[in-house]
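These are my notebook entries on a structure that I examined residue by residue.

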Amino acid sequence: MFDDPGGGVRYRPGVVDPATAEAWFDALRDGIAWKSQRRLMYERVVEVPRLVASWWLADPGLPAALGAAFTAVREVVDEPFNAVGLNFYRDGDDSVAPHGDKLHMLVPGHPVVLLSLGAARRMSIRPNTPPRRSLQVELEPGSVLLMSYRSQLTHQHGVPKTRQAVGPRISLAFRVRPQADA
């Protein structure tokens with residue numbers, strides 16, 4: 001998709017076979033204690049338009065589907081991931097605004113890797129500086145999107161709302177978090 005000194009952004013469809021991706025989706029959708037959040041945006045508190053959860057990968061209570069997904073991701077990207085954040089997009093009204101990941105919550109130099117489960121959704125990736133032409137990526141179930149640490153400085157990514165009928169989707173974001181957060 002694009003290069004930078006840290007590896008850029010790369011998309012790999014079909015990392016996880018459809019039956020396995022569907023089984024993991026079902027297990028996580030039904031087995032995770034999903035949380036809704038509220039945050040201050042535009043001088044008012046709003047509902048975050050998706051459900052969230054997170055785990056340390058060393059947690060002995062890590063759900064089996066997350067452990068298996070971690071193993072699958074590590075076969076593609078050899079990084080010392082220690083955390084996974086989950087986003088549950090219930091329908092086309094759920095989204096995440098364009099953003100770069102919070103750098104203080106990442107160990108410098110390590111990528112963020114997204115594994116998609118459930119329905120396909122479009123991700124928009126755009127540079128922070130002109131020309132601001134967006135890349136559009138249809139994140140298929142079982143696919144992996146790798147975003148370098150550096151890309152968090154130079155690009156924003158997001159999953160926009162859509163009026164099209166779309167099914168539910170879960171995104172697993174594998175990261176290397178600072179140990180002080182453990």
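Entry 1. I looked up the contacts (heavy atoms within 4.5 Å) of Leu117, leaving aside residues up to four places away in sequence. Leu117 touches Ala21, Trp24, Phe25, Leu28, Pro141, Arg169, Ile170 and Leu172. I note that this is a predicted model, in which local features need pLDDT of at least 70, side-chain atom pairs count only at pLDDT 80 or more, and totals for chains, interfaces and linings use all residues. Residues are numbered from 1 along each chain as its sequence is written, and side-chain values use heavy atoms, with hydrogens and water left out.

Entry 2. I turned to α1 (18-31); helices here are DSSP runs of H or I with at least four residues, strands runs of E with at least two, numbered from the N terminus. Its buried residues (under 20% relative accessible area; exposed is over 50%, partly exposed in between, with a 1.4 Å probe and protein chains only) are Ala21, Trp24, Phe25 and Leu28. They lie on the same side of α1, because they cover an arc of only 105° around the axis, taken from the directions from the helix axis to the C-beta atoms. The face turned away from that side carries the exposed residues Ala19, Glu22, Asp30 and Gly31.

Entry 3. I asked what covers the buried residues of α1. The cover includes α2, β5, β7 and β12.

Entry 4. I checked for a cis peptide bond and found one from Pro130 to Pro131, with omega near -5°. Most peptide bonds are trans. Pro131 lies in the loop between β8 (121-127) and β9 (135-139).
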